[in-house]
Amino acid sequence: ARFQLFNEPDHPNSKHISQSDYLRRLQLGSDAAQAAVADVNRLFHRSLRPQISAPVSAGLLVFSARSDRPDTRDAQTGWGELIVGHRHDAFPGRSEPTWPLFHTYAFQYYGREPARITSGLTELRGLITTANAGTPLPIIVSEMNVSTAANFSKTADTLDTPSYYAPFGAVAA
């Protein structure tokens with residue numbers, strides 16, 4: 001019953017996808033996943049609850065507009081603002097106040113600074129709650145590490161290297 005829809009829409013590798021295309025894909029995927037869970041519940045007498053996670057952004061504070069990067073798809077509206085602003089808009093764009101487009105706000109974090117994620121989460125919670133009419137949403141870190149695979153492969157470090165696993169433990173805590 002748990003689904004993540006579209007990994008890292010804000011990543012430069014996804015720059016061919018506009019925010020409106022991403023939103024349409026999220027609406028289609030969420031509608032399909034929630035309908036499938038409802039069918040399973042009906043057919044198999046279950047009581048599963050769908051849990052859709054979005055935007056699954058490549059970064060902690062990708063909520064608001066950012067004009068400071070080469071990929072300017074989010075220069076007017078941030079990825080988080082986009083999905084929270086359309087949280088009750090189902091496919092094909094109809095507004096349904098009781099239907100959630102997603103249930104959990106998801107992001108990915110790579111870094112070695114525990115204080116950065118702590119302060120960033122506080123800021124992110126505030127942004128989400130404000131944009132969601134004062135109602136907080138659950139948040140998950142859908143992917144994390146102290147280094148991306150691309151950067152890790154450039155070092156002599158292994159998973160047993162203290163300079164690698166000690167920061168990971170600190171960030172995970």
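**Strands 5 and 6**

I began with strand 5 (residues 104-110) and strand 6. They run parallel, and 6 bridges join them. Helices (H or I, at least four residues) and strands (E, at least two) are DSSP runs, numbered from the N terminus. Two strands count as paired if DSSP finds at least two bridges between them.

The model is predicted, so I noted its limits: local features need pLDDT of at least 70, side-chain atom pairs count only at pLDDT 80 or more, and totals for chains, interfaces and linings use all residues. Residues are numbered from 1 along each chain as its sequence is written, and side-chain values use heavy atoms, with hydrogens and water left out.

Next I followed the chain between these strands. It crosses from strand 5 through helix 3 to strand 6, and this β-α-β crossover is right-handed. The word has a viewing rule: with the strands pointing away from the viewer, the path from the first strand over the helix to the second runs clockwise. Helix 3 (residues 114-131) packs on the sheet and touches strand 5 and strand 6. Its direction makes about 155° with that of strand 5. Such angles run from 0 to 180 degrees between N-to-C directions, with axes as lines fitted to C-alpha atoms, for helices over the stretch in contact.

In what order do the strands of the open sheet lie? I read 1-2-5-6, with 4 strands and parallel pairing. Strand 1 (2-4) and strand 6 (139-145) are the edge strands, each pairing on one side only. From one strand to the next, the twist averages 25°.

I then checked the other pairings. Strand 1 and strand 2 run parallel, joined by 3 bridges. Arg-2 stands opposite Gln-51 in strand 2. The chain goes from strand 1 through helix 1 to strand 2, and this β-α-β crossover is right-handed. Strand 2 and strand 5 are parallel too, with 5 bridges. There, Ala-54 stands opposite Tyr-105 in strand 5.

Is strand 2 enclosed or open to the outside? I found 7 of its 8 residues buried, so strand 2 is largely enclosed by the rest of the structure. Buried means under 20% relative accessible area, exposed over 50%, partly exposed in between (1.4 Å probe, protein chains only).

**Helix 1 and Val-37**

Helix 1 (residues 19-44) lies across strand 1 and strand 2 (51-58). It runs at about 155° to strand 2. I picked Val-37, which is in helix 1. Val-37 is buried, with a relative accessible area of 5%. Which residues does Val-37 touch, not counting those up to four places away in sequence? I listed Ala-1, Phe-3, Leu-48, Arg-49 and Pro-50. Contact here means heavy atoms within 4.5 Å.

**The core**

The largest nonpolar core has 30 residues. Such a core is a set of buried Ala, Val, Leu, Ile, Met, Phe, Trp, Tyr and Cys residues joined through side-chain atoms within 4.5 Å. Tyr-22, Leu-26, Leu-60, Ile-83, Phe-102, Tyr-105 and Leu-124 touch the most other members. Helix 1, strand 2, helix 2 (79-85), strand 5, helix 3 and helix 5 each give two or more residues to this core.

Not counting residues up to four places away in sequence, its contacts include Leu-5, Phe-6, Ala-54, Trp-79 and Ile-83.

**Helix 5**

Which residues of helix 5 (residues 162-172) are buried? I noted Tyr-164, Pro-167 and Val-171. Seen down the axis of helix 5, they fall within an arc of 85°, so they line one face of the helix. The arc is that of the directions from the helix axis to the C-beta atoms. These buried residues pack against strand 5, helix 3, strand 6 and helix 4 (149-152).

**Ser-64**

Ser-64 sits in the loop between strand 2 and helix 2. It is partly exposed, at 27% relative accessible area. Leaving aside neighbours within four places in sequence, Ser-64 is in contact with Gly-78, Glu-81 and Leu-127. I also checked Gly-134, which is 70 residues from Ser-64 along the chain; their C-alpha atoms are separated by 17 Å.

**The chain overall**

Last, I took the totals. The chain has 5 helices and 6 strands. Of its 173 residues, 39% count as buried. Among contacts between residues at least 6 apart in sequence, 67% join residues at least 24 apart.
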